[in-house]
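Colleague: I would like to go through this structure with you. Could we begin with its charged pairs?

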Amino acid sequence: MAVSVFDLFKIGIGPSSSHTVGPMRAANMFIAQVMSHNLQDRTHSVVTELYGSLSHTGRGHGTDKAIILGLLGEEPDTVDPDQIPGMLDAVEQTQLIKANEELTLVFNNKKHLVWHKRKKLPLHSNGMQFTALDADGNELLRKAYYSVGGGFILAHTHMAKQHIMEDDSKLPYHFTSGDELIELCHEHQMTIAEIMYANESSWRTRGEIDEQLDEIWEAMASCVQRGIQSDGVLPGGLKVARRAPKIFKDLDKRSEKDLADPLTILDWVNMYALAVSEENAAGGRVVTAPTNGAAGIIPAVLHYYKEFVPGSNQQGIRNFLMTAAAVGILYKTKASISGAEVGCQGEVGVASSMAAAGLAAAFELTPDEIENAAEIAMEHNLGLTCDPIGGLVQIPCIERNAMGSIKSINAVRMADRNDGTHTVSLDKVIKTMKETGDDMKEHYKETSRGGLAVNIIEC
C-alpha cells in the first residue's frame with residue numbers, strides 16, 4: 001500500500017497523535033457513517049467505548065475531549081485550539097452535541113463515554129467502539145476503529161486484512177525495505193529525496209509538493225515561536241512549568257551565529273525541542289512527526305540545520321523532510337510508530353531516526369551514509385519504554401524529545417566520519433525494534449502502569 005509523505009507529516013493538535021488526533025478523526029468518521037446510512041433522524045445518542053491504552057491514559061491525553069470535538073465535526077488540522085475550551089464548555093452546559101445541521105446528539109460524559117481499563121479489542125491496544133442509539137436505547141449502528149499511531153485510523157475490517165492504507169497507487173519507485181531504497185538510488189543515480197519526489201508525484205505536482213512541504217515547515221517553525229512565548233504551567237496535575245521561554249531569553253542575549261562555547265548550540269537544540277513538546281502538552285497546534293509525543297525532534301533538528309549550518313536553504317529543508325519521510329514509511333509499514341504497540345522506541349526512536357536521515361540528506365551525504373545515520377539513531381533508542389507519569393505527555397516525554405534531537409545530530413556526525421559501511425543495517429534495526437516491542441511488557445506501552453509512571457511516587 002502506498003504511503004504519502006503527508007500521511008506522516010500532518011498538522012494537528014496536542015497532546016497525542018494516537019490518543020487525541022486519532023480518536024477525533026475516528027469520531028468524525030463515525031458521524032459520517034451515521035449520515036451515509038441515513039440514520040440522522042433516528043440517532044439520539046452515541047456511546048463511545050475506549051479500550052486498552054486509550055482507556056489507561058486517555059484522560060491525561062485528552063481522548064475524551066477529542067471524542068467530543070470529533071462528534072462535533074471538528075478536524076485536527078483545522079480546529080482552532082483557542083476555541084476548544086468554549087466548545088467543550090457548551091457541550092457540558094447543554095448536554096448536547098450538534099454534530100451537523102441534521103444531527104444533534106444527547107450527550108452525558110459519564111453515560112456516553114465508557115472506559116474499559118481491563119479490556120482490549122483484538123487487533124491493537126488503541127481500540128475504540130462507537131454505537132449509535134435511538135431514543136429507546138436500541139442499537140442502530142456500531143463501528144470499531146483503531147488508532148495505530150501518528151494519527152492513522154483503521155477500521156476494524158481494514159485492520160483485520162492488515163491494510164496500512166486504502167490507497168493502492170502504483171509508485172514509480174516502489175520499495176519495501178531500506179536495502180531496496182538504497183538499491184534504487186544506486187541503480188537510477190538518484191538521491192532518496194529525488195526518489196520520494198518521484199513517488200509523491202503520483203498524487204500531486206512538484207509545485208504542490210513543495211508548497212505542502214513549506215506549509216509543514218512553517219507550522220513547525222510557528223510552533224517553536226508559540227512555545228518560546230508561552231510561559232506558565234502545563235495543564236494537568238503534575239504542575240510542570242514550561243522551560244523553553246526562559247532558556248530562549250537566556251540564549252537570546254547573544255547571537256546564535258557567534259558563540260564562545262560551541263556546546264551552547266546544544267542548548268538551542270534543546271530549547272527548540274522543549275518549545276514544541278511543551279506546546280504539544282498544552283494542546284497546541286503541532287505537526288505529527290511522525291507522532292505528537294515525538295513532535296519536537298524533527299523541528300528541533302531542522303532549526304539546527306537552518307540556524308547553524310552554513311549554506312542552509314529552503315530546498316535543503318524540503319530534502320530533509322522528504323528523506324525523513326522515506327525512513328518513517330519503512331518504520332510505519334515494517335514495524336510501528338505507536339507507543340501503545342512498541343513503546344517509546346516507536347515514537348522518539350523513530351523520530352530520531354527520521355531526523356538523522358533528514359539532516360544527513362540536507363548535508364548532502366550519500367544514500368548509504370544517510371541509511372547509516374538513521375540506523376545509528378534508532379540503535380541507541382532500542383528498548384525505550386513509554387511510561388508517561390499520570391497519563392500526561394509531559395514526564396518523561398518532553399525531555400526525551402530534546403535527548404532524541406541531540407542523538408539525531410550526533411548520529412549524522414558519526415555517519416559522516418564513516419565511509420557508509422556498517423555491520424547493522426537499517427532493515428535489521430527496524431526488525432529488532434519490532435521484536436523488542438513485541439517482547440516488551442504491556443506495562444511499558446503507554447499504560448502508565450510501569451516505569452517512571454509508578455516509581456515517581458517514591459522520588
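Predicted model: local features only at pLDDT ≥ 70, side-chain atom pairs only at ≥ 80, totals over all residues.

Colleague: Where do Arg226 and Glu279 lie in the chain?

Modeller: Arg226 belongs to helix 10 (residues 206-229) and Glu279 to helix 12 (residues 264-281), so the contact ties together parts that are 53 residues apart in sequence.

Colleague: And is Glu279 buried or exposed?

Modeller: Glu279 counts as buried, because its relative accessibility is 8% and the cut-off for buried is under 20%. Arg226, at 29%, counts as partly exposed.

Colleague: Which residue does Arg242 pair with?

Modeller: Arg242 forms a salt bridge with Glu279, and the closest N and O atoms are 3.2 Å apart. This pair also links distant parts of the chain: Arg242 sits in the loop between helix 10 and helix 11 (244-251), while Glu279 is in helix 12, 37 residues apart. Arg242 counts as buried, at 14% relative accessibility.

Colleague: How many salt bridges are found in the whole structure?

Modeller: The search finds 15 salt bridges. One of them is between Lys120 and Glu442, whose closest N and O atoms are 3.7 Å apart. The two residues are 322 residues apart: Lys120 is in the loop between strand 5 (113-116) and strand 6 (127-133), and Glu442 is in the loop between helix 19 (426-439) and helix 20 (452-455).

Colleague: What is the relative accessible area of Lys120, and what is that of Glu442?

Modeller: Lys120 has a relative accessible area of 47% and is partly exposed. Glu442 is partly exposed as well, with 35%.

Colleague: Let us turn to surface charge. Which residues gather in a patch of negative charge?

Modeller: The patch on the surface consists of Asp179, Glu180, Glu183 and Glu187. Of these, Asp179 lies in helix 8 (residues 178-188) and counts as partly exposed, at 47% relative accessibility.

Colleague: A change of topic: why is helix 4 described as largely enclosed by the rest of the structure?

Modeller: Helix 4 covers residues 63-71, and eight of its nine residues are buried, so the rest of the structure largely encloses it.

Colleague: Which residues of helix 4 are buried?

Modeller: They are Thr63, Asp64, Ala66, Ile67, Ile68, Leu69, Gly70 and Leu71.

Colleague: What comes just after helix 4?

Modeller: Gly73 is found just after the helix, and it takes a positive phi of about 95°.

Colleague: What does UniProt place at residues 4-156?

Modeller: The UniProt record, an unreviewed entry, places the feature "domain: Serine dehydratase beta chain" there. In the model, the span of residues 4-156 is 39% helix and 28% strand, and its end C-alpha atoms lie 22 Å apart.

Colleague: One last item: where is Val301, and is Val301 buried or exposed?

Modeller: Val301 lies in helix 13 (residues 297-308). At 0% relative accessibility, Val301 counts as buried.

Colleague: How far apart are Val301 and Ser408 in space?

Modeller: Their C-alpha atoms are 7.5 Å apart, although Val301 and Ser408 are 107 residues apart in sequence.

Terms used:
Residues numbered from 1 in each chain as written. Heavy atoms only, no water. Patch = residues over 30% accessible without salt bridge, like charges linked within 9 Å, V, L, I, M, F, W, Y side chains within 5 Å. Areas by Shrake-Rupley, 256 points an atom, 1.4 Å probe, with all protein chains shown as cover. Salt bridge = Lys/Arg side-chain N within 4 Å of Asp/Glu carboxyl O. Lys, Arg positive; Asp, Glu negative; His and termini not counted. Charge placed at Lys NZ, Arg CZ, Asp CG, Glu CD. Helix = DSSP H or I, 4+ residues; strand = E, 2+ residues; numbered from the N terminus. Buried < 20%, exposed > 50% of the residue type's maximum accessible area, 1.4 Å probe, protein only. UniProt positions renumbered as here; feature names shortened; annotations may be inferred.
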